[in-house]
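Hi,

Here is the structure I promised to pass on. Have a look at it first, and my notes follow below.

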Amino acid sequence: IGVGTAFEGGSSCAQDVVYRMLVPLRPPPGHAFHLELDTAEMLQRKFCVRVELLCTCARERLGKDMLCFLHHPEEELKMKQDPSLLHTLCTGSYLDVEKTVHWFYRFMRIAWMLLPQSCQWRLTLQPCSRSCKFHLSKEKESFMVEVIFGVRQGDSDIFVGSQTAEVGVPSTTWLETYAVAEEKFFRHISRQALQLALQVPAAPQQHPEGTPLKTVVMYLLNTVPLTRRRRRDFRQRLMDILKYLRCSLDIKQLNHFIICNKRLPEEISLPSDFQVAQPPNLFQHLASNPDAHTKAVQE
């Protein structure tokens with residue numbers, strides 16, 4: 001799933017664009033994923049993905065080419081099929097971000113050589129512990145791709161992902177991400193108009209809430225009528241963004257756009273607890289730090 005600025009209708013210089021792809025992970029046969037809340041911080045919750053082995057004896061009796069991890073001797077399993085995720089991509093019983101990324105890196109090195117594009121394009125892998133980054137170049141063309149892995153929360157558009165985290169976060173910790181829901185929101189808006197007059201400011205990956213400017217843009221796109229989003233209104237919409245941002249700074253309040261937003265398009269599916277949750281204030285740090293608030297207003 002394409003997420004981030006390159007897929008949300010806005011971009012900077014083409015050479016600076018990073019194409020971020022979120023790859024949903026699904027448990028293979030004989031496995032199940034269970035999300036366990038690790039910490040519920042104000043702006044971004046952290047989860048662990050517990051891997052459970054399931055009985056597949058019924059599948060085996062139906063002639064499926066698979067032995068049950070639970071009910072076959074370990075020696076027989078080693079001889080006849082690949083090991084379970086618990087023995088390859090997990091630390092203990094939990095899916096490990098770094099092991100998953102390293103597995104994908106190894107897969108990419110082999111798979112790339114089998115693709116016809118490898119004759120014209122040069123692939124350079126850039127080591128990273130929590131995502132797979134690589135650079136593609138051909139003559140004067142080049143671009144960056146970042147692959148982020150995610151596990152979906154139920155049937156919703158909210159994932160727990162492998163994106164960059166602060167220093168010290170364990171490799172078994174997955175961060176809640178709203179990137180897919182945001183991408184679906186911009187796709188919904190773009191269907192209303194053939195060409196958006198506004199470009200979305202780039203949102204640094206390390207900040208789950210994106211930038212305050214991006215949040216303001218999303219609120220205004222969700223409330224300003226389509227008839228007021230024409231190209232000739234571009235200047236006025238920029239003024240609306242600055243006024244909204246200044247007002248939010250003055251009251252030290254800017255609510256998270258996705259959580260507990262009653263006006264989201266129906267096509268965006270959220271976990272049930274999002275409907276009753278208290279939306280985090282993205283400016284809470286300004287409310288508790290007068291010096292930081294003064295600096296933000298000046299900027």
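A quick word on terms before the strands: I call two strands paired if DSSP finds at least two bridges between them. Helices (H or I, at least four residues) and strands (E, at least two) are DSSP runs, numbered from the N terminus.

Bear in mind that this is a predicted model, in which local features need pLDDT of at least 70 and side-chain atom pairs count only at pLDDT 80 or more, while totals for chains, interfaces and linings use all residues. Residues are numbered from 1 along each chain as its sequence is written, and side-chain values use heavy atoms, with hydrogens and water left out.

The overall picture

The chain has 9 helices and 11 strands. Of its 299 residues, 45% are buried, where buried means under 20% relative accessible area, exposed over 50% and partly exposed in between (1.4 Å probe, protein chains only). If you take the contacts (heavy atoms within 4.5 Å) with a separation of 6 or more, 56% of them are between residues 24 or more positions apart.

The strands

β7 (residues 122-126) and β8 (residues 132-138) pair antiparallel over 5 bridges. A hairpin with 5 residues connects β7 to β8, and leucine 123 sits opposite leucine 136 in β8. β8 also pairs with β9 (residues 141-152), again in the antiparallel sense, over 7 bridges. There, histidine 135 is opposite methionine 144 in β9. The hairpin of β8 and β9 has 2 residues between the strands, and glutamate 139 in that hairpin takes a positive phi near 55 degrees.

Then look at β11 (residues 174-177), which runs antiparallel to β4 (residues 45-53) and is joined to it by 2 bridges. Tryptophan 174 in β11 is the bridge partner of phenylalanine 47. β11 also pairs with β10 (residues 159-161), antiparallel over 3 bridges, and here leucine 175 in β11 partners glycine 161.

The cores

By nonpolar core I mean a set of buried Ala, Val, Leu, Ile, Met, Phe, Trp, Tyr and Cys residues joined through side-chain atoms within 4.5 Å. The largest one has 29 residues, and the members that touch the most others are Ile158, Phe185, Phe257, Ile258, Leu270 and Phe274. Helices α4 (179-192), α5 (212-223) and α6 (234-251) each supply at least two residues of this core, with α5 giving the most, at 6 residues. Apart from this core lies another, of 27 residues, among them Tyr105, Val147, Val151 and Trp174.

Phenylalanine 257 deserves a click. Leaving aside its neighbours within four places in sequence, phenylalanine 257 contacts Phe185, Thr215, Met218, Tyr219, Asn222 and Leu264. At 2% relative accessibility, phenylalanine 257 counts as buried.

The aromatics

I count rings of Phe, Tyr and Trp (its six-membered ring) as a pair if their centres lie within 6.5 Å; planes under 30 degrees apart are stacked, over 60 edge-to-face and the rest tilted. The structure holds 11 such pairs. One of them is stacked: tyrosine 219 and tyrosine 244, at 6.1 Å centre to centre with 15 degrees between the planes. Tyrosine 219 lies in α5 and tyrosine 244 in α6, so the pair ties together parts that are 25 residues apart in sequence. Tyrosine 219 is buried, with a relative accessible area of 16%, whereas tyrosine 244 is partly exposed at 29%.

Tyrosine 219 also forms an edge-to-face pair with phenylalanine 257, at 5.0 Å centre to centre and 85 degrees between the planes. That pair links tyrosine 219 in α5 to phenylalanine 257 in the loop between α6 and α7 (272-276), 38 residues apart. Phe185, Phe186, Tyr219, Tyr244 and Phe257 form one aromatic cluster.

The cysteines

How many disulfides does a search of the whole structure find? It finds 0, taking a disulfide as a pair of cysteine sulfur atoms within 2.5 Å. The sulfur of cysteine 132 has its closest cysteine sulfur in cysteine 128, 8.8 Å away, too far for a bond. Cysteine 132 is buried at 0% relative accessibility, and cysteine 48 counts as buried too, at 14%.

Best wishes
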